[in-house]
Amino acid sequence: MPGSVLVVEDDRELRELVRRYLQRAGHLVHTTGSGAEAIGLLAGGGVALVVLDLGLPDIDGREVLAAAQAGGRAVPVVVLTARSHVDDRIDGLRRGADDYVTKPFSPTELVLRVEAVLHRTRGVPGAADAPVTFGAGRLRLDEVRHEAQLDGAPVELTPTEWGVLTTLAATPGRVYSRYELINQVRGYEFPGYERTVDSHVKNLRHKLGPEAGRIVETVLGVGYRLGWARDR
């Protein structure tokens, strides 16, 4: 199942609909209606992205979402659910989801969102091989390997946290508004996006440790910036 999209949806007809549209777009697709089986497939590796229904019959879909965030590298997740309230959306994104599609939905739009997430979270072909460092070598970002290190220790980031950090690191010192960040990281705006950006920054800072406030600085009333300069 190398590089496959895993569709986790208990409704068989809907599951097959999503599979057909993804396959027509050229994706290798594996499907299941079981959350427990999905966790086993994630543990086995080879999953490039998960399309996840949170309302599964055997376990809470949030357990599958947590499993996708475990391990050495998080697997991006597009949540597909009937829970459309903005607080449900924010909760899913806060737990590490990379996108959130509510039912009823357009299969074509879902495919486009899946491809947008894959584009954002995969290494960019042709990118510079050398990692980029900041703060006299203390922060190290490797775009090709999709890895971050702080003081030599790996920092395990969700795909969205990685997107926030690398967006800020693209131009250290430049202030990015919440609107700019959500559009750079996700490619669109949605209701409640400011609360979501703040949640992802909070989680990112927690992982960066005691000096996180100096690394990812808040500019009151404007947004965020990377406080450490890029090394030359």
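**Entry 1. Nonpolar cores**

I began with the largest nonpolar core, which holds 26 residues; Leu141, Leu168, Leu208, Ile215 and Val216 touch the most other members. I took a nonpolar core as a set of buried Ala, Val, Leu, Ile, Met, Phe, Trp, Tyr and Cys residues joined through side-chain atoms within 4.5 Å. Buried means under 20% relative accessible area, exposed over 50%, and partly exposed in between, with a 1.4 Å probe and protein chains only. At least two residues of this core come from each of β7 (139-142), β8 (147-150), α6 (159-170), α7 (178-185), α8 (193-208), α9 (212-215) and β12. The largest share, five residues, is supplied by α6. Helices (H or I, at least four residues) and strands (E, at least two) are DSSP runs, numbered from the N terminus.

I then listed the contacts of Ile215, leaving out residues up to four places away in sequence: Leu139, Leu150, Leu208, Arg225, Leu226, Gly227 and Trp228. Contact means heavy atoms within 4.5 Å. A second, separate core has 20 residues, including Leu52, Leu54, Val75 and Val79. In soluble globular proteins, nonpolar side chains tend to be buried together.

I note the basis of these values: this is a predicted model, in which local features need pLDDT of at least 70 and side-chain atom pairs count only at pLDDT 80 or more, while totals for chains, interfaces and linings use all residues. Residues are numbered from 1 along each chain as its sequence is written, and side-chain values use heavy atoms, with hydrogens and water left out.

**Entry 2. Totals**

I recorded nine helices and 12 strands in the protein. Of its 232 residues, 46% count as buried. The accessible surface comes to about 11000 Å², and carbon and sulfur atoms account for 50% of that surface; areas come from the Shrake-Rupley method with a 1.4 Å probe, and for residues only the protein chains shown count as cover. I also looked up contacts between residues at least 6 apart in sequence: 59% of them join residues at least 24 apart.

I followed β8 through its two partners. Strands β7 and β8 run antiparallel and are joined by four bridges; two strands pair if DSSP finds at least two bridges between them. Leu139 has Leu150 as its bridge partner in β8. The hairpin of β7 and β8 has four residues between the strands, and His146 takes a positive phi near 60° there.

On the other pairing, β8 and strand β9 (residues 153-154) run antiparallel with two bridges. Gln149 has Pro154 as its bridge partner in β9. Two residues lie between β8 and β9 in their hairpin, where Asp151 in the turn has a positive phi of about 55°.

I found three strands in an open sheet, ordered β10-β12-β11, with antiparallel pairing. Strands β10 and β11 stand at the edges with a single partner strand each, so one side of each is left without a neighbour in the sheet. Two bridges join β10 (residues 176-177) to β12 (residues 223-226), and Tyr176 has Tyr224 as its bridge partner in β12. Between β11 (residues 216-219) and β12 there are four bridges, and Val216 stands opposite Leu226. The hairpin of β11 and β12 has three residues between the strands; Gly221 takes a positive phi near 80°.

**Entry 3. Two buried threonines**

Thr32 lies in strand β2 (residues 29-32) and counts as buried, at 3% relative accessibility. Beyond its neighbours within four places in sequence, I noted contacts of Thr32 with Leu6, Val7, Val8, Glu9, Arg15, Glu37 and Ala38. Thr32 and Asp10 are 22 residues apart in sequence and 7.3 Å apart in space, C-alpha to C-alpha.

Thr81 lies in strand β4 (residues 77-81) and is buried, with a relative accessible area of 2%. With neighbours within four places left aside, Thr81 is in contact with Asp53, Leu54, Tyr100, Val101, Thr102 and Lys103.

**Entry 4. Charges over rings**

I looked for charges over rings, with NZ of Lys or CZ of Arg within 6 Å of the ring centre and within 35 degrees of the ring normal. The charged end of Arg24 sits over the ring of Tyr21, 5.3 Å from its centre. The charged end of Arg174 sits over the ring of Tyr176, 4.2 Å from its centre.
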